[in-house]
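Have the viewer open as you read.

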Amino acid sequence: MNTYNHKRGDSLTLLVNLPEQIVDGHFLDWTLASQVRTPSGTLIANLNAEWVDPLTTRTIKLEKLDTTTWPIGKLEMDIQMTSLTGFVTSTSTVTINVQKDMTRA
């Protein structure tokens, strides 16, 4: 996934699966962090990031319930994983294309 379309104001929930070549449990006890930023680096939101199953560490769930203040246009995000020893690695950067929500109930 390199680009994700999102309607401003909708809750954001994304499931990110790790590549099959990474063995189950490889990231056991690693912590997750994820932020949404403008292309120039301005912080828009911290996402809740957690392992769906902390034992297999195969799928990451990203969530932000309120996106009503997100600007329309292109934003960027990645996921940072940190081991107990302090080793840090990040995923590829993903573009979030924030669009106007047409239904305002």
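This is a predicted model: local features need pLDDT of at least 70, side-chain atom pairs count only at pLDDT 80 or more; totals for chains, interfaces and linings use all residues.

## Aromatic rings

Rings of Phe, Tyr and Trp (for Trp, its six-membered ring) pair if their centres lie within 6.5 Å; planes under 30 degrees apart count as stacked, over 60 as edge-to-face and the rest as tilted. By that rule there are three aromatic pairs here. One of them is Phe27 with Trp51, a stacked pair at 6.0 Å centre to centre and 20° between the planes. The two sit 24 residues apart: Phe27 is in the loop between strand 2 (12-17) and strand 3 (31-37), and Trp51 is in strand 4 (residues 43-51). Strands are DSSP runs of E with at least two residues, numbered from the N terminus (helices would be H or I, at least four residues). Buried here means under 20% relative accessible area, exposed over 50%, and partly exposed in between (1.4 Å probe, protein chains only).

Next up is Trp30 with Phe87: the centres are 6.2 Å apart and the planes are at 70°, so this pair is edge-to-face. Here the partners are 57 residues apart, with Trp30 in the loop between strand 2 and strand 3, and Phe87 in the loop between strand 6 (73-82) and strand 7 (88-90). Trp30 is buried at 16%, whereas Phe87 is exposed at 51%. Phe27, Trp30, Trp51 and Phe87 make up one aromatic cluster.

## How to read the numbers

Residues are numbered from 1 along each chain as its sequence is written, and side-chain values use heavy atoms, with hydrogens and water left out.

## Strand 6 and its partners

Strands pair if DSSP finds at least two bridges between them. Strand 6 runs antiparallel to strand 3 over seven bridges, with Gln80 as the bridge partner of Ala33. Five bridges join strand 6 to strand 8 (94-99), also antiparallel, and Leu75 stands opposite Ile96 there.

Three antiparallel bridges link strand 6 to strand 7, where Thr82 faces Val88. These two strands form a hairpin with five residues between them, and Gly86 in the turn has a positive phi of about 95°.

## The nonpolar core

A nonpolar core is a set of buried Ala, Val, Leu, Ile, Met, Phe, Trp, Tyr and Cys residues joined through side-chain atoms within 4.5 Å. The largest one has 21 residues, and Ile60, Leu62, Trp70, Met77 and Ile79 touch the most other members. Strand 6 gives the most to this core, with four residues. Beyond neighbours within four places in sequence, Ile79 is in contact (heavy atoms within 4.5 Å) with residues including Val16, Leu32, Ile60 and Leu62.

## A buried histidine

His6 lies in strand 1 (residues 3-7) and is buried at 3%. Its side chain makes a 3.2 Å polar contact with that of Thr67. Such a contact is a pair of N or O atoms within 3.5 Å; within protein, one must be able to donate a hydrogen and the other to accept it, and residues adjacent in sequence count only if both atoms are side-chain atoms.
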